[in-house]
Amino acid sequence: MHEPALRAAAFGSDPLPDPAALRGGGSPRERLLAAVVLGAQGRYAAAARLLGGLRAGEDPLLASLAASTLGAHRRQLGGHRQARALDGEAFAQAVALESDPDPDGLDAAGARADALLGLAADNLALGRLKAARRLAERAAEQDAGWRARVRGGWVGAEIELAAGQGAAAVPHAERAFRTARERGARRHAVKSGIVLAVALRAAGGPDHREISDDLVGNAMATAEECELLSLLWPATLVAADLRPGHAEEYRFRTTEVLHAVLRSADPCGRRIAGESPWVPAPGG
């Protein structure tokens with residue numbers, strides 16, 4: 001059984017499991033966890049194969065979680081419209097479900113929160129700020145545990161940033177960062193550090209640039225160490241903005257990482273990234 005190692009990789013302190021755990025065997029829950037880890041590593045094609053089988057399976061809870069996970073992977077490549085369809089599918093599967101609680105939110109409440117937060121992020125990227133706020137508020141009504149609080153902090157910060165309210169974004173980002181660190185969730189702490197760095201920079205306090213620089217530096221170092229390519233390229237883009245004297249170096253690293261990610265993506269993922277205004281062209 002690989003579930004403990006996969007949980008530690010997906011949601012805990014050890015994002016680099018034994019490669020044998022990622023080969024796609026085992027229980028449906030283990031396949032879901034493996035897909036989460038593969039997506040974090042930027043290995044989107046391998047993740048999509050596992051998630052496709054789970055979406056077509058007989059367990060509506062796992063089908064919902066698989067759809068929202070694939071939606072997150074599409075969104076990471078700039079495919080917000082495609083992600084919105086998947087998040088809608090996830091919510092439809094989970095809306096009436098009941099289940100025992102899971103420590104990492106792999107339960108009915110967590111599935112609904114995942115879908116609603118995904119829909120909030122999708123609508124935000126598509127310019128629907130009011131809809132994004134409403135969906136984020138609905139997600140917060142779910143008793144969904146630590147992971148939903150972290151993801152809710154990300155989305156809440158992104159909503160305030162889109163509204164031009166940098167100072168209002170900071171508490172959301174701080175809550176996500178604090179929760180992820182208290183939980184010992186290294187992957188979630190990396191993304192939370194990036195979001196907090198952007199929020200602090202937008203807030204414009206006198207010491208915020210230095211704090212943001214430290215946060216991004218730590219996020220890049222951890223993403224490199226843990227092979228979290230899906231987070232490394234956004235971190236290097238933020239670093240290019242924060243460290244203009246080294247911007248060319250960081251943008252070159254962004255290109256390198258994106259090239260590796262797209263080489264490991266399925267055809268749909270590559271097409272989405274190529275069409276997205278959010279994702280830099282890997283050759284330019």
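Which pattern does the protein chain follow, read along the sequence? I read α-α-α-α-α-α-α-α-α-α-α-α-α-α, and my tally is 14 helices and 0 strands. Helices here are DSSP runs of H or I with at least four residues, strands are runs of E with at least two, and both are numbered from the N terminus.

A note on what I am working with: this is a predicted model, where local features need pLDDT of at least 70, side-chain atom pairs count only at pLDDT 80 or more, and totals for chains, interfaces and linings use all residues. Residues are numbered from 1 along each chain as its sequence is written, and side-chain values use heavy atoms, with hydrogens and water left out.

**Overall form.** The C-alpha trace spans about 55 × 35 × 35 Å along its principal axes. Buried residues make up 55% of the 284; buried means under 20% relative accessible area, exposed over 50%, and partly exposed in between, with a 1.4 Å probe and protein chains only.

**Helix 2 and helix 4.** I checked how helix 2 (residues 28–40) packs on helix 4 (residues 60–76): the angle is about 10 degrees and the axes are 11 Å apart. The two are therefore roughly parallel, a label for angles under 35 degrees. On the helix 2 side, the contact (heavy atoms within 4.5 Å) includes Leu-32 and Val-36, and on the helix 4 side Leu-65 and Thr-69.

**Phe-91.** I found this residue in helix 5 (residues 80–94). Phe-91 is buried, at a relative accessible area of 17%. Beyond its neighbours within four places in sequence, Phe-91 touches Arg-112, Ala-115, Leu-116 and Arg-138. Leu-119, 28 residues away in sequence, sits 9.1 Å from Phe-91, C-alpha to C-alpha.

**Glu-256.** Is Glu-256 buried or partly exposed? I noted partly exposed, with a relative accessible area of 37%. Glu-256 belongs to helix 13 (residues 247–263), and its C-alpha is 8.6 Å from that of Trp-233, 23 residues apart along the chain.

**Ser-276.** My last stop was the segment after helix 14 (267–275), where Ser-276 is found. Ser-276 is buried, at 8% relative accessible area. Leaving aside neighbours within four places in sequence, Ser-276 is in contact with Leu-77 and Gly-78. A polar atom of the Ser-276 side chain lies 3.0 Å from the backbone nitrogen of Trp-278.

How values were computed. A polar contact is a pair of N or O atoms within 3.5 Å; within protein, one must be able to donate a hydrogen and the other to accept it, and residues adjacent in sequence count only if both atoms are side-chain atoms. Axes are lines fitted to C-alpha atoms, for helices over the stretch in contact, and angles run from 0 to 180 degrees between N-to-C directions. Angles under 35 degrees count as roughly parallel, over 145 as roughly antiparallel, 65 to 115 as roughly perpendicular and the rest as oblique.
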